[in-house]
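Subject: Structure for your review

Dear colleague,

Please find the structure below, followed by a summary of what was found in it.

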Amino acid sequence: MLLGILAGFLASCFGWQIDLIAIQRGLKRGRTAAFLVGCGAALADIIFLSIGFTGTQPLLDHPEWWGIIRWVGIGVILTLAARGFFVHSKPRKRDEEVIKRNPTKNFLVGFLVVITNPVVFLMWLAIIGFLRTHFPETRTPWFKELFLGGFLIGSVLWFFPLAFIFLKKLKRWSEENHSFLYRISSGTLLLVALYLIFFEKFRFS
């Protein structure tokens, strides 16, 4: 389980794209929204890991699926970037902000951004291969379940302080600083989407 906790914490810590989205949505929709974005991303990672542990042949036999999935992910990122530029960067009344909170939507944003990225899937396949090669205990009963449970705990150990401690400090910033942060984060997401479109030509080998 400790191995899973470490993997979950490091994956969440270095997943800057999800962290950026969580911060962006948390500033506008509340700290719980940021935490739910992280939970959605963690679930997507757990699904990839579970597939990697049990067998990937169905996905490897149909690489054309990932072309569609990849474009869905690009669409989600572009939508988030556009909303950051044209909606969230503008001041919003408090009552309107509360009405527009949607826990399910926040969770789905984090989930979709990760689950539609085939590179993340391949990364976890490589990590699972490394674990099976270097850690004999991966073949013991209940290792998969304990690892996935630990991964979830590790993810929470990162996203909980991010949402409820770090964001609390950011909330003290002025509205102008928030708007500037929205524009910077949205511009970064736009660059990520453009990179995925023009440079990351994903292929299963």
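**Helix H9**

Helix H9 (residues 143–170) comprises 28 residues and reaches 39 Å from its first C-alpha to its last, close to the 40 Å expected at 1.5 Å a residue. Helices here are DSSP runs (H or I, at least four residues) numbered from the N terminus, and the expected span is 1.5 Å times one less than the number of residues. This is a predicted model, in which local features need pLDDT of at least 70 and side-chain atom pairs pLDDT 80 or more, while totals for chains, interfaces and linings use all residues. Residues are numbered from 1 along each chain as its sequence is written, and side-chain values use heavy atoms, without hydrogens and water.

H9 bends by about 35° at Leu162, the bend being the angle between axes fitted to the seven residues ending there and the seven starting there. Leu162 is among the buried residues of H9 (under 20% relative accessible area, 1.4 Å probe, protein chains only).

**Aromatic pairs**

The structure holds nine aromatic pairs (ring centres of Phe, Tyr or the six-membered ring of Trp within 6.5 Å; planes under 30 degrees apart are stacked, over 60 edge-to-face, the rest tilted). In one of them, Phe48 and Phe121 are tilted, at 5.2 Å centre to centre and 45° between the planes. This pair links distant parts of the chain, with Phe48 in helix H3 (residues 31–54) and Phe121 in helix H8 (residues 118–134), 73 residues apart. Both Phe48 and Phe121 are buried. Phe35, Phe160 and Phe164 form one aromatic cluster.

Yours sincerely

Definitions and conventions
Helices (H or I, at least four residues) and strands (E, at least two) are DSSP runs, numbered from the N terminus. Buried means under 20% relative accessible area, exposed over 50%, partly exposed in between (1.4 Å probe, protein chains only).
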